[in-house]
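Here are a few exercises on helix packing and salt bridges. Keep the structure open while you work through them.

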Amino acid sequence: MKKSPRNNPVYLSVVVLNFNSGHYLSACVDSISKSRLRYPVEAIVIDNCSSDDSFILAQKKLAVRPPSDNLSFKFQRLNNNIGFSAGNNRGVELISPDSRYVLFLNPDTIVNPDSLNKMMAFFLRHPQADAATCFVKLALTNRLQPECHRGFPTPWRSLCHFSGISKLLPTSAVFSGYFLGNLNIKETHRIEACVGAFLMLKKTVGQNLGWWNEKYFFYGEDLDFCYRLYQNNYKLYFYPHCSITHFQGISSGIKKTKSAATRPTRVKAAQASTEAMRIFYQDHLFGHYNFLTRSLVLAGIKLLEIIRVTKAKYL
């Protein structure tokens, strides 16, 4: 007879922060339940005061398909929407004291049955790895989500990316550094940053960083997290030998995907995405550049904000 995870030290804590994800959260919870697990795992689902029934549907789904002996679930609903960073930090407060690793997972994702085992095995084989992401596959294109394999957005890299120059030289380290196009996505290697849809790390590393920066409400918090990993000499890896599927933009509605987000929500998300850019540059990069460069960067962010808000309002 297998022991319950309540009687075994938890190896991995999975934190899923939900906000108006509709049926996607139920599908995510179901995919975690179907995972083939060699180690005790706990999944913590935090709801950021959703106005839809996604949180209730997920609990009902779990009642129909109870978790295996190696898996347990915790559910907590917040009284108001406190944002991505703060919401994930509330989830961290619920993780087991003896958990070794923490995975932050978006609610609009599907985890392959072997992905959690493979990620845990990767960390055991590579003790130098402090954090890692997997091959995050976009449901819309069935291809790699570029944001899961990216470099820090310096002014030069951002110029090459937003101007389209990087598309002309997609494998150049000089011109395609925004998404590290010079690195082979079929091989395991270190990267600078990844998307928060799937970010796994040693619990001690997260504790040393103080977890998520609550200055960020929505967007940019994953880039800030990765930059602080870099500042503290922690190693972040891209591990392409397991994957998840990401539907991307379900709650915000500003991506090209099916979303129930209202127009005000889309506008707010568009504004938050560019405000996050300002915060990141001001906190981490502005000290490296002169006044002219800083002014041009801020002007570029403002232009991007106008474009994104206009699309959110009228398209």
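**Exercise 1.** In this predicted model, work out how helix α1 (residues 23-33) and helix α2 (residues 54-64) are arranged relative to each other.

*Solution.* Start with the axes: those of α1 and α2 come within 8 Å and cross at roughly 30 degrees. Next, pick the class. Angles under 35 degrees count as roughly parallel, so α1 runs roughly parallel to α2. Now look at who does the touching. From α1 you get L25, S26, V29, D30 and S33, while α2 brings S54, F55, L57, A58, K61 and L62. Finally, sort that contact by class: six residues are nonpolar, three polar and two charged.

**Exercise 2.** Find the salt bridge that D30 forms, and decide whether each partner is buried or partly exposed.

*Solution.* D30, one of the α1 residues in the contact with α2, pairs with K34, and their closest N and O atoms are 3.1 Å apart. For burial, the cut-off is under 20% relative accessible area. D30 has 11% relative accessibility, so D30 is buried. K34 comes out at 44%, so K34 is partly exposed.

**Exercise 3.** Take the salt bridge between R36 and D114 and say which parts of the chain the pair ties together.

*Solution.* First, the distance: the side chains meet at 2.9 Å, N to O. Then place the two ends. R36 sits in the loop between α1 and β2 (41-47), and D114 in the loop between β5 (109-111) and α4 (115-125), so the pair ties together parts 78 residues apart in sequence. Last, check accessibility: R36 is partly exposed at 47%, and D114 is partly exposed too, at 29%.

**Exercise 4.** How many salt bridges does a search of the whole structure find, and which residues are linked in a network?

*Solution.* The search turns up 13 salt bridges. For the network, look at E275, R278, K302 and E305, which are linked by salt bridges.

Conventions: Residues numbered from 1 in each chain as written. Predicted model: local features only at pLDDT ≥ 70, side-chain atom pairs only at ≥ 80, totals over all residues. Heavy atoms only, no water. Axes fitted to C-alpha atoms, helices over the stretch in contact; angles between N-to-C directions. Helix = DSSP H or I, 4+ residues; strand = E, 2+ residues; numbered from the N terminus. Parallel < 35°, antiparallel > 145°, perpendicular 65-115°, else oblique. Contact = heavy atoms within 4.5 Å. Nonpolar A, V, L, I, M, F, W, Y, C, P; charged D, E, K, R; others polar. Salt bridge = Lys/Arg side-chain N within 4 Å of Asp/Glu carboxyl O. Buried < 20%, exposed > 50% of the residue type's maximum accessible area, 1.4 Å probe, protein only.
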